[in-house]
Amino acid sequence: MKFGVVVFPGSNCDHDAFHAIGGVLQKPVEFLWHGSEDIAGCDAIILPGGFAFGDYLRTGAIARFSPVMRSVDRFARNGGLVIGICNGFQILLEAGLLPGAMLRNQGLRFLCRYVHLRVETTDTPFTCAARRGQILRIPIAHMEGNYFCDETALAELEANDQITLRYTTPEGQLEESANPNGSLNAIAGICNRERNVFGMMPHPERAVESPLGSTDGLVVFQSMIKSLTQSAGRETEVRVTAPV
Amino acid sequence: MIETDTKITAELAAEHGLTAEEFTRVQKILGRDPSFTELGIFSVMWSEHCSYKSSKVHLKRLPTSGARVIQGPGENAGVVDIGDGLCAVFKIESHNHPSFVEPFQGAATGVGGILRDIFTMGARPVAVLDSLRFGPLEASGRVTEEEAARNRRILDGVIRGIAFYGNCFGVPTVGGEIQFEHCYSRNPLVNVLALGIARREELFFARAKGAGNPVIYVGAKTGRDGIHGASLLASAEFDEKSQQKRPNVQVGDPFMEKLLLEACLEAMHTGAIVAIQDMGAAGLTSSSSEMASRGGVGIEIELDLVPQRETGMTPYEIMLSESQERMLLIAERGREPEVFEIFSRWGLDAVKIGRVSEDGRLRVLQHGRTVADIPAHAIAEEGPVYRRPVAMSEKRSDSEPRMEFAPATADLNENFRKLLGSAAVASKQWVFGQYDYMVRTNTRVGPGTADAAVIRIKETKRALALSTDGNGRWCQLSARAGAMHAVAEAARNVACTGARPIAATNCLNFGNPEKPEVMRQFSDAVDGIGDACRGLGTPVTGGNVSFYNETLGQAIDPTPVLGVLGILEDAECAVGMGFQHDGDAIVLLQGFIEARAMSPEQHREFRSSEYARTIHGVVAGVPPAIDLHAEKALIDCLVALADEHALQSAHDVSDGGLAVALAECCFVSEGLSAEVNLQTDDPAEFVLFEESGARAIISVRPESLARVEQVAAQYRIEAQRIGAVTRGEFRIQVNGAPRLRGPVDSFRQIWAGSLEHSLHNG
């Protein structure tokens, strides 16, 4: 099992994601340079937070054209696990791997603080180790995290159980005051229909060690590890049973 | 022969800010009249900002060496040993005038400039703190609505600028402080401190070496922006026409800087880099001449090769441009391709523009013609040094306003609420929440939850703590005592987190040095910092002097800002300021063993307190007396207690006194409160709100109380149990009578919402 963390010019949470996987969870991980299509045989790809290409033009708008994104697109369409965190989520939206778009935060200010998230579905490889309705305390740090999509897209997201995380109060209630950026229906994270591509605005990689304030982000990566382990198990089974 | 189209006269030199004597000196060094380009070079390098000509003789009195100091003042930043082969690289710098002229870009490029100073030395920046001063945000008395509105705009622009640059670059902005005073209305202060970490053997210095080695320009292209930023903006007073100086402010691009950081660190790692310096103030001129001068060599550059943003730039403009995000480096001859490959991968211009020479001269060519030829040492090191006249004593107003204490039965709750909502005391969380203070996942203690920021060092068990402090109001009353308090408070803040203070950096913001009374303040402040840093064991490793903080002849309060760095041997021992458990004992630690009744002198001291200013409108008297032995003992005691895991929380007593400190310990806790009883012969107001130093409030588990008292006694610190942490109402009694009481939330709301309220409704 190997994780790959993509480095775009301007990524600045790449080291943090690398540390969470390699240092804290002790799983193999390597950096993937944006200018290369080689994804080095990785089993899961992380598009980290930051300001890829300075967020010029529009967040994620330039990064989606990096050579590595051709491979990420192929990898995703073949069922590979792709998680986009913050700027990574914005890039996935621009790349069309997830539906919708980001607007500037309500209030037009950069926001850095802890928020509470409710796990809306555990039927994804990114939340399968969590409980449905579990409350996660994880920080946000963004200027454009105000998720938006049209009514049809929203209906589809709802119908297909793609809304993975919502901003709530610590008790799990949906309240306007608990939605930091004005996101549509308090959406903090969504997956694609096939459930293997996931984007979230909060930073799970910042919540993996208790001395720093929270370990609630671990469940996202543990879910990925669990699901990769299971699918590796299935592959082994397939291989073993194939000749019969 | 240097060709020049312009006749260089003493008048032209004067327009460039060079005095007649300075111009004569230039002629003497060159043995001829300077060319126009050379005039520009001298004027900017000999400006106050670059040459420290008025401050040099005084700065020599600061302690700059110590067991941990690897690099003191004189390089791009100070360096101290933090163990395990690592060092901390840190420095504070001002960007005051640009932030008044263009708040957003001024503050943004202030952050950018200091970050380059850090990574120039081979260190990756890991934290930024900002010490900010603004005029009042709300109209009242002599503050007009127009002025208040401008102050709000300036604050908003500065905050956005800092956030824009730091957040994108990917360095956490973890702390600092913000104060408001009328004198900063037309001269806000933006002082930025950056901290980086480097491996000791991978430190880089700005010393050119090796004749024939290539001089390589990397980063952004050179444009016409920021010309004379150092000389005209930073080294002159302001007047009504200051807005016209907007073109002198540089424009920042944090994305470019992030690329520059990664590419530079990677290039340095190859071993192909000999020396490197950022092009900050005075751009290409300072980087080339300073690297040559420090290395005892010369540098020859051809301006045609400099990447340029616009056409038709003159040598004068290219040499003086302060376009941001540029570096000059010297590489090993023959290893250029390695260097070029790295920069090209990061999408950056990297061009050989010249070479190191043996003759010690800065030689500048354009189209093959020599446009400047000056001994590098003369520009960088032989600038004028002035012993400016120093007034005999600080100006004192003869009549001090009286101030009576409230009668023993008076209700102090209303005053307390007013104090909690005052700009000085109120929470700054609204500001810190706009900064990414967590990126790089090292922020062990972030802004607002402890007295200092604590940054862990991933490779080790250790952590670093940092605090900035400075009290212009006190320095105005006594520059020497105020400066000592700035050091003491920063060191105390660091110690409250459990870290041992090891080094300091300072940013000295003063008025016009040509005025003897300003030089008096400056000289006194330097003496105060020197004494305090010696007494507390925190040598000054660098910093910056900012003079000419005057607009329309009105100087700011003298504002030395101190940044103190501390080290925690075990990051797990870090202590926050919020109470932790119901039932813990609240203990006041103070450095004075002998009981003292309020003396007439202390009554004078009280008139300089935040309470006196907010409640009585009085700014008078003197800063509290400072006892460095007591400060040092308190610091040692706090560090020892943290080391034993005996502290549940620690918070120093400063602005607003004991009452505010106790309230803050509750505000940042999770639903906890305090029940305190103070025994005293002094007036309640004095006991609750006086601001004398060497004091901290700690909370400890009841079972460790005896041990805490024992440790405190070893350090000759009085540990007085004054109350307990509760879940009830916030209550402070004086001699058994409740003087301050109410639900914590009712006080917290005022404290937490005041800043945002005055910004939006002011």
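This briefing walks through a structure with chains A and B, from overall build to local detail. The model is predicted. Chain A has five helices and eleven strands. Its contact with chain B takes 21 residues from chain A and 23 residues from chain B.

**Chain A as a whole**

- The radius of gyration of chain A is 17 Å. The globule rule gives 18 Å for 244 residues, which is close, so chain A is as compact as a globular protein of that length.
- The C-alpha trace of chain A spans about 60 × 45 × 35 Å along its principal axes.
- Of the 244 residues in chain A, 54% count as buried.
- Take the contacts in chain A between residues at least 6 apart in sequence: 77% of them join residues at least 24 apart.

**The sheet of chain A**

- Nine strands of chain A form an open sheet with mixed pairing. The strand order is E2-E1-E3-E4-E11-E10-E9-E6-E7.
- Strand E2 (29-33) and strand E7 (135-142) of chain A stand at the edges. Each has a single partner strand, so one side of each is left without a neighbour in the sheet.
- From one strand to the next, the twist averages 25°.
- Inside this order, strand E3 (residues 44-47) and strand E4 (residues 81-85) of chain A run parallel, joined by four bridges. On E4(A), A:Ile83 stands opposite A:Ile46.

**Where the chains touch**

- On the chain B side, helix H8 (145-169), H10 and strand E14 (443-445) each supply at least two residues.
- The side of chain B that touches chain A has ten nonpolar, seven polar and six charged residues.

**A helix pair in chain B**

- Helix H10 of chain B, which covers residues 254-270, also packs against helix H7 (residues 103-119) of chain B. The angle is about 5°, and the axes are 11 Å apart.
- Angles under 35 degrees count as roughly parallel. H7(B) and H10(B) are therefore roughly parallel to each other.
- H7(B) brings B:Gly112, B:Leu115 and B:Phe119 to this contact. They meet B:Pro254, B:Glu257, B:Leu261, B:Cys264 and B:Leu265 in H10(B).
- The residues of this contact divide into six nonpolar, one polar and one charged.

**Buried helices in chain B**

- Helix H3 (residues 36-45) of chain B is mostly covered, with ten of its ten residues buried. Among them are B:Phe36, B:Leu39, B:Ile41 and B:Phe42. B:Glu38 in H3(B) is buried as well.
- Helix H23 (residues 657-667) of chain B has eleven of its eleven residues buried, so it is largely enclosed by the rest of the structure. The buried residues of H23(B) include B:Leu658, B:Val660, B:Leu662 and B:Phe667. B:Glu664, B:Cys665 and B:Cys666 are buried there too.

**Strand E24 of chain B and its partners**

- Strand E24 (residues 673-678) of chain B runs antiparallel to strand E26 (residues 718-726) of chain B, and four bridges join them. The bridge partner of B:Ala674 in E26(B) is B:Val725.
- E24(B) also pairs with strand E27 (residues 730-734) of chain B. These two run parallel, again with four bridges. Here B:Val676 has B:Ile732 in E27(B) as its bridge partner.

Notes:
Residues are numbered from 1 along each chain as its sequence is written. Chains are lettered from A and ligands numbered from 1 in the order in which they are written. This is a predicted model: local features need pLDDT of at least 70, side-chain atom pairs count only at pLDDT 80 or more; totals for chains, interfaces and linings use all residues. Two strands pair if DSSP finds at least two bridges between them. Axes are lines fitted to C-alpha atoms, for helices over the stretch in contact, and angles run from 0 to 180 degrees between N-to-C directions. Angles under 35 degrees count as roughly parallel, over 145 as roughly antiparallel, 65 to 115 as roughly perpendicular and the rest as oblique. Two residues are in contact if their C-beta atoms, placed from the backbone, lie within 7 Å. Ala, Val, Leu, Ile, Met, Phe, Trp, Tyr, Cys and Pro count as nonpolar, Asp, Glu, Lys and Arg as charged, and the others, Gly among them, as polar. A residue is buried if 20 or more other C-beta atoms lie within 10 Å of its own, exposed if 12 or fewer, and partly exposed in between; C-beta atoms are placed from the backbone. The radius of gyration is taken over C-alpha atoms; the globule rule is 2.2 Å times the number of residues to the power 0.38.
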